Amino acid sequence: MASVAVEYCGTECTEPKLSENAAVEENETRFRKKVHESELQCSHEEHGLDKELMTPGKVSGTERLDKGYMQYGCPHYRRRCRIRAPCCNEIFSCRHCHNDAKNSISIEQKLRHDIPRHSVEKVICSLCDTEQEVQQVCKSCGVCMGRYFCGVCKLFDDDTSKEQYHCNGCSICRIGGSKNFFHCNKCGCCYSALLKTSHPCVERAMHQDCPVCFEYLFESRNDVIALPCGHTIHKACLEEMQEHYHRYACPICSKSVCDMSKVWEKFDLEIAATPMPPYCENKMVWILCNDCGRNSEVKYHVVAHKCPHCKSYNTRQTRGLGR
């Protein structure tokens, strides 16, 4: 092996020659050292990649996060996790599945209950079955358990077409897009932005049961509408009430829910065509109008009584006077 010149302090010195066996051993040692360093470097790079893929908050852009997207869930939500109910320590796909099961007619009445949604602390990944604290990305397999995630409501949902948003006023998540709704502090709920300047306020209007089906409206998953009087009702229940029972008044306050002027004109014709017998001609009665809320004294008629103030026939007889 030829000597190698090494620069040191401006002078030239010569490295002593090695024996042939020593040189071979030194070459093998250096080769093994380089191979070991290369393996370590690859290992660190792979570990860094795994760490990057599993970092919470990076919801898109990787196959790992999107694995199983829209393939798991229940009839209520498409999601890649289940929850452990803090009330009964059982596992369910979502809070609605829990409430349906625990309020079933087959359950003893004193044991029926709803899950406190904000108290959920544990979730189970649907892909790797790892139970963990509530978080959007699984700590074990790195999958995103729901593209929409609310840490307050403990809500996961892969179907973001619903335009979910969390309302701080309601303290729950709603659907439809935050830009399309506003929160009314007096009513205590969210309404369509179209009603922002025109809806009549009724305190805690949504914090009651539907007057038709008796489901609690504030947390209902079905469409809820506000009537002209300010009271709320399921849209489907109102339509069924009008279609099958021909009821066009609010079940709570009895005010008309739509323009009834054409109907009142038909009542005028019907009353004109139905004269009262002589002994009832001059009978007067007091009525209360459900639409304008005024009391009036009018002539008695067997068909209906017309409010002299708002011309509505949506009235009720309060007392009668024989004259």
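This is a predicted model: local features need pLDDT of at least 70, side-chain atom pairs count only at pLDDT 80 or more; totals for chains, interfaces and linings use all residues.

Reader: Which residues have the most contacts inside the largest nonpolar core?

Author: Leu155 and Tyr191, in a core of 22 residues. Strands 7, 9, 10, 11 and 12 each give two or more residues to this core. Strand 12 gives the most, with three residues. A second, separate core has 12 residues, among them Ile83, Phe92, Met145 and Phe156.

Reader: Next, charges. Why is the pair Arg82 and Asp129 called a salt bridge?

Author: The cut-off is 4 Å between a side-chain nitrogen of Lys or Arg and a carboxyl oxygen of Asp or Glu. Arg82 and Asp129 come to 2.8 Å, N to O, so the pair qualifies. The pair links distant parts of the chain, 47 residues apart. Arg82 is in strand 3, and Asp129 is in the loop between strand 5 and strand 6.

Reader: What makes Arg82 partly exposed but Asp129 exposed?

Author: Partly exposed lies between under 20% (buried) and over 50% (exposed). Arg82 has 25% relative accessibility, so it counts as partly exposed. Asp129 has 52%, so it counts as exposed.

Reader: How do you know that Arg117 and Glu219 form a salt bridge?

Author: Their N to O value is 3.8 Å. The limit is within 4 Å, so the pair counts as a salt bridge. Arg117 is in the loop between helix 3 and strand 5, while Glu219 is in the loop between strand 12 and strand 13. They are 102 residues apart.

Reader: Is Arg117 buried or exposed, and why?

Author: Buried, because its relative accessibility is 10% and the cut-off is under 20%. Glu219 stands at 36%, so it counts as partly exposed.

Reader: What is the N to O value for Lys162 and Asp157?

Author: It is 2.8 Å, and their side chains meet in a salt bridge. Lys162 is partly exposed because its relative accessibility is 23%. Asp157 is buried, because its relative accessible area is 1%. A search of the whole structure finds 11 salt bridges.

Reader: Why is helix 3 called largely enclosed?

Author: Six of its eight residues are buried, so the rest of the structure largely encloses helix 3. The buried ones are Arg95, His96, Cys97, His98, Asn99 and Lys102. Their cover includes strand 3 and strand 4.

Reader: How do you know that strand 15 and strand 16 pair?

Author: Pairing needs at least two bridges. Five join strand 15 to strand 16, so they pair. The two run antiparallel. Met284 has Lys299 in strand 16 as its bridge partner. Strands 15 and 16 form a hairpin with five residues between them. In the turn, Gly293 has a positive phi of about 80 degrees.

Reader: Last one. Why is Ser312 called buried?

Author: Its relative accessible area is 2%, so Ser312 falls under the 20% cut-off. Ser312 is in the loop between strand 16 and strand 17. Beyond neighbours within four places in sequence, Ser312 is in contact with Trp264, Cys289, Asp291, His305, Lys306 and Cys307.

How values were computed: Residues are numbered from 1 along each chain as its sequence is written. Side-chain values use heavy atoms; hydrogens and water are left out. Helices (H or I, at least four residues) and strands (E, at least two) are DSSP runs, numbered from the N terminus. Buried means under 20% relative accessible area, exposed over 50%, partly exposed in between (1.4 Å probe, protein chains only). A nonpolar core is a set of buried Ala, Val, Leu, Ile, Met, Phe, Trp, Tyr and Cys residues joined through side-chain atoms within 4.5 Å. Contact means heavy atoms within 4.5 Å.
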